[in-house]
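Trainee: I have a model open and a few things to ask about it. Can we go through them one at a time?

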Amino acid sequence: MVLKKKPSLMGKKIFIKTFGCQMNEYDSNRIYDAVKKIGFVKTDNREDANCYILNTCHIRDKAKEKVYHEVGRVKKLYNNKAKPILVVAGCVAQAENQEMIKREPYIDIVIGPQSYHKINQVLQNFTAKQKEEETDFDTIQKFEYFDKIKNTNNKVSSFLTIQEGCDKFCNFCVVPFTRGPEYSRPFKKIISEAEELTKNGVKEITLIGQNVNAYSFTENARTYRISDIINELENFSELKRIRYTTSHPKDMTDDLIDCYSRSKKLMPFIHLPIQSGSNKILKLMNRKHTVEDYLNVYEKLKKINSAIEFSSDFIISYPGETDQDFNDTINFVKKIKFLNSYSFIFSPRPGTKAAGLKLIDEEISKDRLTRIQKILFSYQLEKNNAFKNKLIDVLVENKIEGQNKLFGRNKYLNSVIFKGNEKNIGKVIKVKIENCNQKILFGENVNKNMRAA
Ligand code: SAM
Ligand code: SF4
Ligand code: F3S
């Protein structure tokens, strides 16, 4: 029998559509780095791919259905063309595994977030007759594999995963099921990846993890925490800014808080989700922190630097939330005046403890969401208005396509769109804010020759 040689993947085009959080964005970039090894070339044209990856999110709503709709769109797009290898990756892939291929035969490969080290092997082995599914939790192997592959991200601002997974099991959340148990990457590997990124020209690193501030890695009897990573990055002369996300209030330990008194590069903006302003609801959610714990962290940080600003996540109408509980959340929001926020109505997720609980009436929930967002957004607008006519430091990230304008961010991660010189990409420059809305600041670079701060 003559064995048929598999077609080469050399020069084949690959496109990844990414949904969900920063973890998925980082993973998609690492997948691009990995598949280069077997000949794939990244394309930004979604209609022109030999391999099409959907990197999915399972956090809310009918995530699974959304993926099937998305597959439908790809099918239409490639109706008269050669079918691409269709891969479903990410958190829906992990949660649904081979069920997806059974339901939608257009899907060829299903691969969970902790199996990405197998992506090349799976793509090389793939034949149209033999679909593939990989959803084991091999987190250590995954990182060991990716540690050997250069991170080629050369954007001004880059994510860097330091920790994955979650052991906290909030009753509403799928993450512990889709990303698996908490795992912290070796300290030295993180530092060498950061070195690689700065060599590529990266000026801002955001350390990421589902529980980024729970980072804990022990080697030779020494335990490294996120504060150690921040302290080390502080010495990188080319690096201008350090951020981290997403933090859990319980893990805001004093060593991390102390970084804000020392570090010149750690930005004074913290995304710290509270979910609810009612202790009763926090307990029902199994959040493992109280409103007072949160306020304690808030006050410690404000004492160090009163200019530190906060953003948060809110789940509205968690089962059992009374008008009183909701009002507690409103009062909490009025106290902190968050600079940014993400608020959603509770969405039951399959497999979680809260999945079967009695839902709050839809109209009441929508009304609560509207009411809280009105307040949250009014503070956001108020804070943005305060930047008007002021000169602020902006790290310039890129030119906006089709417009003669630049995009950057201030120290609080606000998007800033402004007229300025392209030569300033990668520099921190002074921008005068002329206008704003709740989400964006608009301005002009006042001194085009100004040197990087
Ligand atoms: N680890 C972070 C923390 O402890 O807050 C959050 C990570 S989660 C990926 C991001 C946000 O999604 C959560 O803060 C929560 O507000 C929201 N979320 C998670 N599950 C949800 C659900 N079932 N319904 C509505 N929002 C949800
Ligand atoms: Fe989800 Fe809670 Fe873990 Fe955050 S801490 S990822 S909300 S289970
Ligand atoms: Fe979504 Fe998974 Fe991130 S569920 S929010 S992509 S960890």
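Trainee: Is Thr161 buried or exposed?

Mentor: Thr161 counts as buried, because its relative accessibility is 0%. Buried means under 20% relative accessible area, exposed over 50% and partly exposed in between, with a 1.4 Å probe and protein chains only. This is a predicted model, where local features need pLDDT of at least 70 and side-chain atom pairs count only at pLDDT 80 or more, while totals for chains, interfaces and linings use all residues. Residues are numbered from 1 along each chain as its sequence is written, chains are lettered from A and ligands numbered from 1 in the order in which they are written, and side-chain values use heavy atoms, with hydrogens and water left out.

Trainee: What is Thr161 in contact with, leaving aside neighbours within four places in sequence?

Mentor: Met23, Tyr26, Phe143, Arg185 and Ile208. Contact means heavy atoms within 4.5 Å.

Trainee: Which strand does Thr161 lie in?

Mentor: Strand β7, residues 157-161. Strands (E, at least two residues) and helices (H or I, at least four) are DSSP runs, numbered from the N terminus.

Trainee: And what sheet is β7 part of?

Mentor: An open sheet of three strands in the order β7-β10-β13, with parallel pairing. Two strands pair if DSSP finds at least two bridges between them. β7 and β13 (241-245) are the edge strands, each pairing on one side only. From one strand to the next, the twist averages 25°.

Trainee: How many bridges do β10 and β13 pair over?

Mentor: Five, with β10 covering residues 204-208. Ile208 has Thr245 in β13 as its bridge partner, and Ile208 is also among the contacts of Thr161.

Trainee: Which helix lies across β7 and β10?

Mentor: Helix α8, residues 187-200, which runs at about 165° to β7. Angles run from 0 to 180 degrees between N-to-C directions, and axes are lines fitted to C-alpha atoms, for helices over the stretch in contact.

Trainee: Changing topic: at what angle do α12 and α13 cross?

Mentor: Roughly 5°, and the axes of α12 (residues 291-304) and α13 (residues 323-336) come within 12 Å. So α12 is roughly parallel to α13, a label for angles under 35 degrees; over 145 is roughly antiparallel, 65 to 115 roughly perpendicular and the rest oblique. Val291, Tyr294, Leu295 and Tyr298 of α12 make the contact with Phe332, Lys335 and Ile336 of α13.

Trainee: Last one, what surrounds ligand 3?

Mentor: Cys21, Asn24, Thr56, Cys57, His58, Ile59, Cys91, Arg179 and Gln210, where a residue is near a molecule if one of its heavy atoms lies within 4 Å of it.
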